[in-house]
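Colleague: Before we look at this model together, could you take me through the terms you use and show how each one is applied?

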Amino acid sequence: MENKGTLYTVTVFSENRVGLLNQISIIFTRRKLNIESLSVSPSSIKGVHKFTITTYTDHETVDKLVKQIEKRIDVLKSFYYTDDEIVYQEVALYKVPTVQLLDERNVETIIRKHNARILEVTREYTVIEKTGHDNETEALFEELKQYDIRQFVRSGRVAVTKSPEEYVTMYIEERAKQKEEAEKQWTKTNASNL
Amino acid sequence: MDNYISGSEALIRSLIGEGVDTIFGYPGGAIIPVFDRLYDYKAQLRNILVRHEQGAVHAAQGYARISGRTGVVVVTSGPAATNVITGLGDAMMDSTPLVVITGQVGSSLLGSDAFQEIDVIGITQPVTKWSYQIRSAEDLKWAVPRAFYIASTGRPGPVVLDFAQNAQNEKIEWTGYKKCHFVRSYDPYPAIDETTIDKAADMINKAERPLIVAGHGVEISGAEKELVALAEKTGIPVITTLLGLSTISSKHPLFKGMIGMHGNIAANIAVGKCDLLFAIGMRFDNRVTGDVSCFAKNAKVIHADVDSSEFGKIIKPDCAIHGDAKPILEKLLSKVSENTYEGWLESFVADEKLEVEKIIKPELEPKENLTMGVVARKVAEAAGEGAVLVTDVGQNQMQSARYFLYSHPRSIITSGGLGTMGFGLPAAIGAKIGAPERTVCFFTGDGGIQMTVEELGVILEYNVNIKIIILNNNFLGMVRQWQDLFYNKRFSSTALVNPNFVMLANAYGIPAEDVESKDELDDAIARMLAHDGAYVLNININPEELVYPMSAAGAPLDEILLSRDERYQK
Ligand SMILES: Cc1ncc(C[n+]2csc(CCOP(=O)(O)OP(=O)(O)O)c2C)c(N)n1
Ligand SMILES: [Mg+2]
């Protein structure tokens, strides 16, 4: 079997601009990298969007990839991490026929064991939710399989770093200062041109 | 006074506010409002009406590369927008500042497959530095200044503004043009890390066989003087990439030639021998490096570039200096020691002699047929200092680049990264328009000129005085060369049945002559240069002529073919 490489989590902080997802995804495509999961959301900083993307590759490739992403004009910063550098989660939803739960006492035990929870029960179906790492949501899938999973979906990974430094915040503060300086410089040279 | 103006008028006032006086354009349905407003601004902003939108972009590229100013293109939607793609790709590869404005259907029609609607942003994103769709006239105030700022700063590149028709007609309040000088997510000139300067200076001072490779970045940064100053102070020999050829005078004693597939022997051999390679403003294209695993294998590498994504993309540097070439060279200059490298420079001589004897002499003193090299050299000599070489792509490109003489900065305009046939004619026109005082010598092939030959109409209309030298071998010569060397002489689809180029030129009012033999050459060149206006020489070249030396694609740079059956002995 082909060596898939290491799973890297790539985070991208960008201005909130139409078309960025396309710009970022074509950088993966050009390097023949498959996006395993993707999630986009606002970040803790107002107006800044955060993309969290996972991909299997090697260190050299992901390093180059992130530089190419950062090169896009509307991207503020991009980083990559291995699993040990981040706290991450995914959410999975499983839809099973409710009869299965009524007939099989075992399902309840499985749900308890996996620390999953039931989101909704109707006469026809029950939706179970499990938050965890992909091996955990997969493990639950394996166990529930025999009870006729009608639908299954797993979200993209979301992640925060373990590092105490908030690099993006620092960067944005730094740039705000630079903007002030640039503006001062600008008025000065313009004034001398008059 | 009415402060409310249409988006079209705002665009034109913005261009004027940005200092633009010339655009290259072609009208159409989705951009008519802009051309309509242009009618009133003819005195301040002239449109060069090209004959094909690809020509508009290449002309703007020639204009930008000779002048350092941003080239501006204005075209309509749909087919016009797809026609600009090649030029955008070329400008992206060769870091050329362009702002390309495409018309677009009205916002309400977007996504409906309206007449001449095409997803311009989607198509252009991979070949532009930035692209943005202007859907309301208000957007202009923000997007146009930003487009110019992004296109022209840092590592320059093409920017597309896709201008929806409703936004062209909408009225907005106008309070004057405000240039952009800051984009939060984009830092074109990051502060240079002094420790990298110290480290590089130390590496330079300690090296025994150092070599400088100068690229297009030196030209873009306007750092030619600083480059030469550094070379002269340290005594380090300089080689250049194709696009960097005019960053140092061809006659400078420390200039040791061009690197790459058809580079000079001494230059390519030196890359393998040097113990320090200082690469500045270049990106290690595979036509430059050959087999990367053998490239500069005895050397530590200093890589200086304004684009940090180039560090380690191909070659891992031992020291990376992130920043603009000019301040980098200035900073280094004060930290490097004066030196001479007699022994190291002496080692170039044998290879230089070998190239003169085996390749240059036969090229410059052909026995029977004219060669591309002798034509290029004679034109360069006759045109004198300050002449500019513009080339198309193929053998004509390599030979004219090799044998032309460069005395001034910004003297070579050629499609390097994309290798776009058809680039030359419009680029030469744009170059002449961008620098009317310079003599523009355009060398092309019989194949390439036909790719954008319609632009002869621009010469006719605007009296553009460029000297056109068709190196006519009746073949797609460079492809034929590969077929000759690597495909058993199976000349598949490379022979051309050509038109009468003299008649073709005459049809556009351009005087032209055929040059068949050696003894006609000097006089023909003299007539061409003396003529006050464009002139065409259609020069008969033997199709058997191949470009040497040659390091085959993917082979180590120092495995050099001197002729069909002779290799350089390492
Ligand atoms: C648009 C485009 N199509 C095809 C090529 C491939 N190509 C490279 S050189 C060449 C031959 C060029 O022939 P010509 O213009 O006669 O120049 P010569 O090599 O004979 O001097 C071709 C076809 C290219 N570089 N660009
Ligand atoms: Mg030819």
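Modeller: Let me start with burial: a residue counts as buried under 20% relative accessible area, as exposed over 50%, and as partly exposed in between, with a 1.4 Å probe and protein chains only. The model is predicted, so local features need pLDDT of at least 70 and side-chain atom pairs count only at pLDDT 80 or more, while totals for chains, interfaces and linings use all residues. Residues are numbered from 1 along each chain as its sequence is written, chains are lettered from A and ligands numbered from 1 in the order in which they are written, and side-chain values use heavy atoms, with hydrogens and water left out.

Colleague: Why is Ser415(B) called buried?

Modeller: Ser415(B) has a relative accessible area of 1%, and the limit for buried is under 20%, so Ser415(B) is classed as buried. Ser415(B) lies in the loop between β16 (412–413) and α18 (424–434) of chain B, where helices (H or I, at least four residues) and strands (E, at least two) are DSSP runs numbered from the N terminus.

Colleague: Which residues is Ser415(B) in contact with, leaving aside its neighbours within four places in sequence?

Modeller: Contact means heavy atoms within 4.5 Å, and by that rule Ser415(B) is in contact with Asp90(B), Asp94(B), Val393(B), Gln397(B), Thr420(B) and Phe423(B). One of these, Gln397(B), is found in helix α17 (residues 395–403) of chain B and is itself buried, with a relative accessible area of 5%.

Colleague: What makes the pairing of Gln397(B) and Thr414(B) a polar contact?

Modeller: A polar contact is a pair of N or O atoms within 3.5 Å, where within protein one must be able to donate a hydrogen and the other to accept it, and residues adjacent in sequence count only if both atoms are side-chain atoms. The side chains of Gln397(B) and Thr414(B) are joined at 2.7 Å, which is within that limit. The side chain of Ser415(B), for its part, has a polar atom 3.1 Å from the backbone nitrogen of Gly419(B).

Colleague: How do you know that Asp307(B) and Lys71(A) meet in a salt bridge?

Modeller: The rule asks for a side-chain nitrogen of Lys or Arg within 4 Å of a carboxyl oxygen of Asp or Glu, and the side chains of Asp307(B) and Lys71(A) give 2.8 Å, N to O. Across the interface of chain A and chain B the rule finds 4 salt bridges.

Colleague: How much area do chain A and chain B bury between them?

Modeller: Buried area is the accessible area (1.4 Å probe) that two parts lose on being put together, summed over both, and for chain A and chain B it is about 2300 Å², 51% of it on carbon and sulfur atoms. Ile73(A), Arg175(A) and Trp186(A) supply 29% of the area that chain A buries against chain B, more than any other three residues. The contact takes 26 residues from chain A and 27 residues from chain B.

Colleague: Why is the aromatic pair of Phe284(B) and Phe295(B) called edge-to-face?

Modeller: Rings of Phe, Tyr and Trp (its six-membered ring) pair if their centres lie within 6.5 Å, and planes under 30 degrees apart count as stacked, over 60 as edge-to-face and the rest as tilted. Phe284(B) and Phe295(B) are 5.7 Å apart, centre to centre, with 80° between the planes, so they qualify as a pair and as edge-to-face. Phe284(B) counts as buried at 2% relative accessibility, and Phe295(B) is buried with a relative accessible area of 7%.
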